[in-house]
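Work through these exercises with the sequence and the model side by side. Try each task before you read its solution.

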Amino acid sequence: MPAVLAVLAVLAGSAALAGCSGGPSLEKRGAITASPGDSRHLSIGSAGFTESELLAQMYAALLGHAGYRTDLLTVGNRELYEPALESGQIDVVPEYAATLADWLNAKSHGPHAAPVASPDIGATMAALRKLTGPRGLTALPAGRAVDQNAFAVSASYAARHRLATLSDLGRAKLPVRLAAGDECVQRPFCAPGLRRVYGITVTAVDPKGVGTTPAKQAVQNGQDQMVLTTSTDATLDQFGLVLLTDDKKLQNADNVIPLVNRSRAGSARAAAALKRLNTVLTTADLAQLNAQVDSWRRLPADVAHNYLVRKGLLPK
(Lines give C-alpha, C1' and ligand atoms only; values in the text may rest on other atoms or scores of the structure.)
Protein backbone atom coordinates (compact mmCIF):
# COMPACT_ATOMS: atom_id res chain seq x y z
CA MET A 1 0.00 0.00 0.00
CA PRO A 2 1.16 3.61 -0.54
CA ALA A 3 2.95 5.19 2.37
CA VAL A 4 0.96 7.62 4.52
CA LEU A 5 2.69 10.86 5.47
CA ALA A 6 3.91 11.08 9.04
CA VAL A 7 2.15 13.30 11.57
CA LEU A 8 4.80 16.01 11.37
CA ALA A 9 4.52 16.10 7.61
CA VAL A 10 0.76 16.43 7.86
CA LEU A 11 1.08 19.30 10.31
CA ALA A 12 3.63 21.05 8.14
CA GLY A 13 1.49 20.52 5.07
CA SER A 14 -1.58 21.84 6.86
CA ALA A 15 0.28 24.99 7.85
CA ALA A 16 1.41 25.53 4.29
CA LEU A 17 -2.10 25.00 2.98
CA ALA A 18 -3.54 27.43 5.48
CA GLY A 19 -1.31 30.11 4.01
CA CYS A 20 -2.84 29.63 0.58
CA SER A 21 -6.44 29.05 1.64
CA GLY A 22 -7.64 31.98 -0.41
CA GLY A 23 -6.00 30.65 -3.59
CA PRO A 24 -4.68 32.81 -6.40
CA SER A 25 -7.58 34.82 -7.80
CA LEU A 26 -8.72 34.21 -11.34
CA GLU A 27 -8.87 37.93 -11.93
CA LYS A 28 -5.14 38.24 -11.25
CA ARG A 29 -3.80 35.21 -13.03
CA GLY A 30 -6.24 34.62 -15.87
CA ALA A 31 -7.36 31.28 -17.24
CA ILE A 32 -4.93 28.39 -16.92
CA THR A 33 -4.12 26.73 -20.23
CA ALA A 34 -1.38 24.27 -19.27
CA SER A 35 -1.36 20.95 -21.10
CA PRO A 36 -2.38 17.84 -19.18
CA GLY A 37 0.61 16.72 -17.12
CA ASP A 38 1.79 13.33 -15.92
CA SER A 39 3.92 13.74 -12.82
CA ARG A 40 5.51 10.52 -11.60
CA HIS A 41 4.85 11.40 -7.95
CA LEU A 42 1.28 12.31 -6.99
CA SER A 43 -0.10 13.53 -3.65
CA ILE A 44 -3.59 12.30 -2.87
CA GLY A 45 -5.66 14.46 -0.54
CA SER A 46 -8.56 13.53 1.70
CA ALA A 47 -10.94 15.61 3.80
CA GLY A 48 -10.35 13.59 6.96
CA PHE A 49 -13.67 11.76 7.31
CA THR A 50 -14.00 8.01 6.81
CA GLU A 51 -15.44 7.97 3.31
CA SER A 52 -12.96 10.51 1.97
CA GLU A 53 -10.06 8.56 3.50
CA LEU A 54 -11.29 5.32 1.93
CA LEU A 55 -11.63 6.90 -1.51
CA ALA A 56 -8.20 8.52 -1.24
CA GLN A 57 -6.66 5.16 -0.29
CA MET A 58 -8.29 3.51 -3.30
CA TYR A 59 -7.12 6.29 -5.63
CA ALA A 60 -3.58 5.97 -4.29
CA ALA A 61 -3.60 2.18 -4.69
CA LEU A 62 -4.90 2.33 -8.28
CA LEU A 63 -2.39 5.02 -9.24
CA GLY A 64 0.38 3.06 -7.54
CA HIS A 65 -0.58 -0.02 -9.55
CA ALA A 66 -0.40 2.12 -12.71
CA GLY A 67 3.23 3.03 -11.94
CA TYR A 68 2.96 6.27 -9.95
CA ARG A 69 4.61 6.99 -6.62
CA THR A 70 1.97 8.31 -4.25
CA ASP A 71 1.57 9.74 -0.80
CA LEU A 72 -1.52 10.72 1.16
CA LEU A 73 -2.24 13.99 2.90
CA THR A 74 -5.24 14.67 5.12
CA VAL A 75 -6.57 18.22 4.81
CA GLY A 76 -9.54 19.25 6.91
CA ASN A 77 -11.91 20.86 4.45
CA ARG A 78 -12.64 22.06 0.93
CA GLU A 79 -11.62 25.62 1.78
CA LEU A 80 -8.06 24.32 2.25
CA TYR A 81 -7.66 21.49 -0.23
CA GLU A 82 -9.24 23.14 -3.27
CA PRO A 83 -6.71 26.01 -3.39
CA ALA A 84 -3.97 23.44 -2.71
CA LEU A 85 -5.14 21.53 -5.78
CA GLU A 86 -4.96 24.70 -7.86
CA SER A 87 -1.40 25.39 -6.71
CA GLY A 88 -0.20 21.79 -7.18
CA GLN A 89 0.42 21.04 -3.49
CA ILE A 90 -2.17 18.27 -3.85
CA ASP A 91 -2.72 16.47 -7.14
CA VAL A 92 -5.85 14.34 -6.67
CA VAL A 93 -8.76 14.46 -4.23
CA PRO A 94 -12.12 12.62 -4.04
CA GLU A 95 -15.06 14.98 -4.45
CA TYR A 96 -18.84 15.09 -4.93
CA ALA A 97 -20.16 16.51 -8.19
CA ALA A 98 -23.15 18.63 -7.15
CA THR A 99 -21.70 19.95 -3.92
CA LEU A 100 -18.43 20.92 -5.61
CA ALA A 101 -20.21 22.55 -8.56
CA ASP A 102 -22.27 24.83 -6.33
CA TRP A 103 -19.29 25.56 -4.05
CA LEU A 104 -17.06 26.59 -6.96
CA ASN A 105 -19.90 28.56 -8.51
CA ALA A 106 -20.30 30.56 -5.30
CA LYS A 107 -16.53 31.02 -5.09
CA SER A 108 -16.39 32.32 -8.65
CA HIS A 109 -19.60 34.34 -8.79
CA GLY A 110 -20.40 35.20 -5.20
CA PRO A 111 -22.42 33.59 -2.39
CA HIS A 112 -25.75 34.61 -3.91
CA ALA A 113 -25.09 33.05 -7.33
CA ALA A 114 -27.89 30.82 -8.60
CA PRO A 115 -27.08 27.11 -8.08
CA VAL A 116 -25.75 25.24 -11.11
CA ALA A 117 -26.06 21.68 -9.78
CA SER A 118 -29.16 19.58 -10.37
CA PRO A 119 -30.39 15.98 -10.05
CA ASP A 120 -29.14 15.44 -13.63
CA ILE A 121 -25.54 14.21 -13.39
CA GLY A 122 -24.83 15.10 -17.03
CA ALA A 123 -25.91 18.71 -16.59
CA THR A 124 -24.14 18.93 -13.25
CA MET A 125 -20.86 17.64 -14.69
CA ALA A 126 -21.11 20.04 -17.65
CA ALA A 127 -21.51 22.97 -15.25
CA LEU A 128 -18.70 21.66 -13.08
CA ARG A 129 -16.23 21.36 -15.96
CA LYS A 130 -16.84 25.00 -16.91
CA LEU A 131 -15.90 25.98 -13.36
CA THR A 132 -12.87 23.72 -12.90
CA GLY A 133 -11.18 24.36 -16.26
CA PRO A 134 -10.19 28.01 -15.65
CA ARG A 135 -8.74 27.00 -12.29
CA GLY A 136 -6.36 24.44 -13.79
CA LEU A 137 -8.44 21.55 -12.49
CA THR A 138 -10.12 18.62 -14.21
CA ALA A 139 -13.24 16.87 -12.94
CA LEU A 140 -12.88 13.28 -14.14
CA PRO A 141 -15.98 11.24 -15.05
CA ALA A 142 -18.46 10.57 -12.28
CA GLY A 143 -18.77 7.11 -10.80
CA ARG A 144 -21.87 5.12 -9.86
CA ALA A 145 -21.50 5.75 -6.13
CA VAL A 146 -23.54 8.67 -4.79
CA ASP A 147 -23.35 10.28 -1.36
CA GLN A 148 -26.29 12.64 -0.99
CA ASN A 149 -28.97 13.55 1.50
CA ALA A 150 -31.31 10.65 2.21
CA PHE A 151 -34.27 10.00 4.47
CA ALA A 152 -34.80 6.93 6.64
CA VAL A 153 -37.69 5.55 8.70
CA SER A 154 -37.89 2.57 11.01
CA ALA A 155 -38.26 -0.76 9.23
CA SER A 156 -41.39 -1.50 11.26
CA TYR A 157 -42.95 1.84 10.29
CA ALA A 158 -42.15 1.19 6.63
CA ALA A 159 -43.67 -2.28 6.77
CA ARG A 160 -46.77 -1.12 8.63
CA HIS A 161 -47.53 1.62 6.10
CA ARG A 162 -46.10 -0.14 3.03
CA LEU A 163 -43.46 2.48 2.37
CA ALA A 164 -40.57 2.03 -0.04
CA THR A 165 -40.28 5.51 -1.55
CA LEU A 166 -40.78 9.09 -0.48
CA SER A 167 -43.74 9.19 -2.85
CA ASP A 168 -45.32 6.38 -0.83
CA LEU A 169 -44.94 8.48 2.31
CA GLY A 170 -46.50 11.50 0.62
CA ARG A 171 -49.49 9.46 -0.57
CA ALA A 172 -49.97 8.02 2.91
CA LYS A 173 -50.68 11.52 4.29
CA LEU A 174 -49.02 10.63 7.58
CA PRO A 175 -47.85 13.39 9.92
CA VAL A 176 -44.06 13.28 10.02
CA ARG A 177 -41.77 14.71 12.67
CA LEU A 178 -38.33 14.88 11.06
CA ALA A 179 -35.01 14.49 12.94
CA ALA A 180 -32.46 16.68 11.15
CA GLY A 181 -30.26 19.72 11.47
CA ASP A 182 -32.03 22.94 12.39
CA GLU A 183 -31.22 24.36 8.92
CA CYS A 184 -33.60 21.74 7.47
CA VAL A 185 -36.48 24.10 8.13
CA GLN A 186 -35.31 26.35 5.28
CA ARG A 187 -33.14 24.19 3.02
CA PRO A 188 -34.86 23.44 -0.33
CA PHE A 189 -33.64 19.83 -0.30
CA CYS A 190 -35.02 19.17 3.18
CA ALA A 191 -38.41 19.99 4.76
CA PRO A 192 -39.57 22.51 2.10
CA GLY A 193 -38.61 20.11 -0.69
CA LEU A 194 -40.33 17.15 0.97
CA ARG A 195 -43.53 19.18 1.14
CA ARG A 196 -43.25 20.64 -2.37
CA VAL A 197 -42.06 17.61 -4.34
CA TYR A 198 -43.66 14.76 -2.41
CA GLY A 199 -46.53 16.35 -0.50
CA ILE A 200 -45.16 14.96 2.78
CA THR A 201 -46.73 16.49 5.87
CA VAL A 202 -43.68 17.57 7.87
CA THR A 203 -45.18 18.76 11.14
CA ALA A 204 -41.90 19.71 12.82
CA VAL A 205 -38.13 19.47 12.53
CA ASP A 206 -36.46 17.96 15.58
CA PRO A 207 -32.98 19.60 15.59
CA LYS A 208 -30.81 16.60 16.42
CA GLY A 209 -28.37 16.90 13.52
CA VAL A 210 -27.82 15.06 10.24
CA GLY A 211 -27.49 11.31 10.74
CA THR A 212 -26.40 11.63 14.37
CA THR A 213 -26.93 8.85 16.89
CA PRO A 214 -29.55 10.88 18.83
CA ALA A 215 -31.42 11.57 15.58
CA LYS A 216 -31.53 7.88 14.67
CA GLN A 217 -32.52 6.90 18.19
CA ALA A 218 -35.41 9.35 18.05
CA VAL A 219 -36.79 7.51 15.01
CA GLN A 220 -35.97 4.12 16.48
CA ASN A 221 -38.02 4.83 19.62
CA GLY A 222 -40.89 6.51 17.76
CA GLN A 223 -40.31 10.05 19.02
CA ASP A 224 -39.74 11.07 15.36
CA GLN A 225 -40.93 9.33 12.22
CA MET A 226 -38.05 10.09 9.83
CA VAL A 227 -34.39 11.10 9.95
CA LEU A 228 -32.22 13.04 7.52
CA THR A 229 -29.00 11.13 6.89
CA THR A 230 -26.86 10.25 3.84
CA SER A 231 -27.12 7.58 1.16
CA THR A 232 -23.89 5.91 2.34
CA ASP A 233 -24.84 5.81 6.04
CA ALA A 234 -23.31 2.59 7.34
CA THR A 235 -25.20 2.34 10.64
CA LEU A 236 -28.89 2.27 9.70
CA ASP A 237 -29.24 -1.46 10.38
CA GLN A 238 -28.02 -0.95 13.95
CA PHE A 239 -31.03 1.28 14.62
CA GLY A 240 -33.55 -0.78 12.64
CA LEU A 241 -33.86 1.92 9.97
CA VAL A 242 -34.32 1.75 6.20
CA LEU A 243 -33.92 4.39 3.50
CA LEU A 244 -36.90 5.57 1.45
CA THR A 245 -36.03 5.96 -2.23
CA ASP A 246 -35.87 9.52 -3.57
CA ASP A 247 -37.91 8.45 -6.60
CA LYS A 248 -38.65 11.99 -7.84
CA LYS A 249 -35.00 13.05 -7.47
CA LEU A 250 -35.32 15.84 -4.95
CA GLN A 251 -31.60 15.62 -4.21
CA ASN A 252 -28.86 16.83 -6.54
CA ALA A 253 -26.45 14.45 -8.28
CA ASP A 254 -23.65 14.12 -5.72
CA ASN A 255 -21.83 11.32 -7.51
CA VAL A 256 -18.28 10.59 -6.41
CA ILE A 257 -15.68 12.08 -8.76
CA PRO A 258 -11.88 12.36 -8.77
CA LEU A 259 -10.78 16.01 -8.97
CA VAL A 260 -7.23 16.48 -10.28
CA ASN A 261 -4.67 19.18 -10.93
CA ARG A 262 -4.53 19.27 -14.74
CA SER A 263 -0.85 20.13 -15.12
CA ARG A 264 0.32 17.33 -12.80
CA ALA A 265 -2.32 14.58 -12.94
CA GLY A 266 -4.35 15.38 -16.04
CA SER A 267 -2.92 12.68 -18.28
CA ALA A 268 -4.95 9.95 -19.95
CA ARG A 269 -2.89 7.39 -17.99
CA ALA A 270 -3.90 8.79 -14.60
CA ALA A 271 -7.51 9.20 -15.71
CA ALA A 272 -7.64 5.59 -16.90
CA ALA A 273 -6.28 4.31 -13.58
CA LEU A 274 -8.85 6.25 -11.57
CA LYS A 275 -11.71 5.44 -13.92
CA ARG A 276 -11.35 1.73 -13.14
CA LEU A 277 -13.02 2.36 -9.79
CA ASN A 278 -16.07 3.88 -11.50
CA THR A 279 -16.92 0.56 -13.11
CA VAL A 280 -17.38 -1.28 -9.80
CA LEU A 281 -17.93 1.05 -6.83
CA THR A 282 -21.62 1.50 -5.96
CA THR A 283 -23.39 3.48 -3.28
CA ALA A 284 -24.11 0.24 -1.40
CA ASP A 285 -20.43 -0.74 -1.64
CA LEU A 286 -19.36 2.61 -0.21
CA ALA A 287 -21.77 2.29 2.70
CA GLN A 288 -20.41 -1.18 3.47
CA LEU A 289 -16.81 0.05 3.31
CA ASN A 290 -17.69 2.88 5.70
CA ALA A 291 -19.19 0.32 8.06
CA GLN A 292 -16.01 -1.75 8.08
CA VAL A 293 -14.07 1.28 9.30
CA ASP A 294 -16.63 2.94 11.59
CA SER A 295 -18.30 -0.13 13.08
CA TRP A 296 -15.75 -2.90 12.69
CA ARG A 297 -12.76 -0.65 13.49
CA ARG A 298 -10.69 -1.72 10.51
CA LEU A 299 -8.01 0.51 9.00
CA PRO A 300 -9.09 2.47 5.88
CA ALA A 301 -5.95 1.35 4.01
CA ASP A 302 -6.73 -2.33 4.65
CA VAL A 303 -10.41 -1.98 3.80
CA ALA A 304 -9.62 -0.12 0.56
CA HIS A 305 -6.95 -2.62 -0.51
CA ASN A 306 -9.12 -5.66 0.22
CA TYR A 307 -12.02 -4.20 -1.76
CA LEU A 308 -9.85 -3.51 -4.81
CA VAL A 309 -8.42 -7.02 -4.71
CA ARG A 310 -11.88 -8.55 -4.32
CA LYS A 311 -13.13 -6.59 -7.33
CA GLY A 312 -10.18 -7.60 -9.46
CA LEU A 313 -8.68 -4.10 -9.66
CA LEU A 314 -5.50 -5.10 -7.86
CA PRO A 315 -3.61 -8.41 -7.94
CA LYS A 316 -3.96 -10.70 -4.92
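Helices and strands here are DSSP runs, numbered from the N terminus; a helix has at least four residues and a strand at least two. The model is predicted.

**Exercise 1. Describe the chain as a whole.**

Solution. Start with the secondary structure: the chain has 14 helices and 11 strands. Next, take burial. Of the 316 residues in the chain, 51% are buried. Last, look at the contacts. Among those between residues at least 6 apart in sequence, 77% join residues at least 24 apart.

**Exercise 2. Which element gives the largest share of the lining of the largest pocket?**

Solution. Step one is the volume, about 1,300 Å³. Step two is the lining, which has 44 residues; closest to the centre are Thr99, Asp147, Asn149, Arg187 and Asp254. H5 gives the largest share, six residues. Finish with the classes: 18 nonpolar, 16 polar and 10 charged.

**Exercise 3. Is arginine 78 buried or exposed?**

Solution. Locate the residue: arginine 78 is found in helix H4. Then read its relative accessibility, 17%. The cut-off for buried is under 20%. Arginine 78 therefore counts as buried. Now find its partners, leaving out residues up to four places away in sequence. Arginine 78 touches Pro83, Glu95, Thr99, Leu100 and Trp103. One of these, Thr99, is also among the residues closest to the centre of the largest pocket.

**Exercise 4. Characterise the second largest pocket.**

Solution. Its volume is about 300 Å³. Its lining has 17 residues. Nearest the centre lie Val146, Gln148, Asp246, Lys249 and Gln251. Two strands, S6 (149-154) and S10 (241-244), each supply at least two lining residues. S6 gives the most, with three residues. By class, the lining has eight nonpolar, seven polar and two charged residues.

**Exercise 5. How many cavities of 30 Å³ or more are there?**

Solution. The count comes to one. Now describe the largest cavity. It holds about 60 Å³ of space. Tyr59, Gly143, Arg144, Ala145, Val256, Pro258, Leu274, Leu277, Asn278 and Leu281 line it. Strand S11 (256-261) and helix H12 (268-278) are the elements that give two or more of these residues. H12 has the largest share, three residues. Sort the lining by class to finish: seven nonpolar, two polar and one charged.

**Exercise 6. Which residues make the contact between H13 and H14?**

Solution. First set the geometry. The axes of H13 and H14 (residues 300-310) come within 9 Å and cross at roughly 145 degrees. The crossing is right-handed. Then name the residues on each side. H13 brings Asp285, Leu289, Gln292 and Val293. H14 brings Pro300, Val303 and Tyr307. Classing the residues of this contact gives five nonpolar, one polar and one charged.

Technical notes. Residues are numbered from 1 along each chain as its sequence is written. This is a predicted model: local features need pLDDT of at least 70, side-chain atom pairs count only at pLDDT 80 or more; totals for chains, interfaces and linings use all residues. Side-chain values use heavy atoms; hydrogens and water are left out. On a 1 Å grid over the protein atoms alone, a cavity is a set of points where a 1.4 Å probe fits but cannot get out, and a pocket is an open set with protein on both sides within 12 Å along at least five of seven lines; lining residues have an atom within 4 Å of a point. Grid points are joined across faces, edges and corners, and a volume is the space filled by probe spheres set on the points. Ala, Val, Leu, Ile, Met, Phe, Trp, Tyr, Cys and Pro count as nonpolar, Asp, Glu, Lys and Arg as charged, and the others, Gly among them, as polar. Axes are lines fitted to C-alpha atoms, for helices over the stretch in contact, and angles run from 0 to 180 degrees between N-to-C directions. A crossing is left-handed if the near helix is turned anticlockwise from the far one by less than a right angle, and right-handed if clockwise. Contact means heavy atoms within 4.5 Å. Buried means under 20% relative accessible area, exposed over 50%, partly exposed in between (1.4 Å probe, protein chains only).
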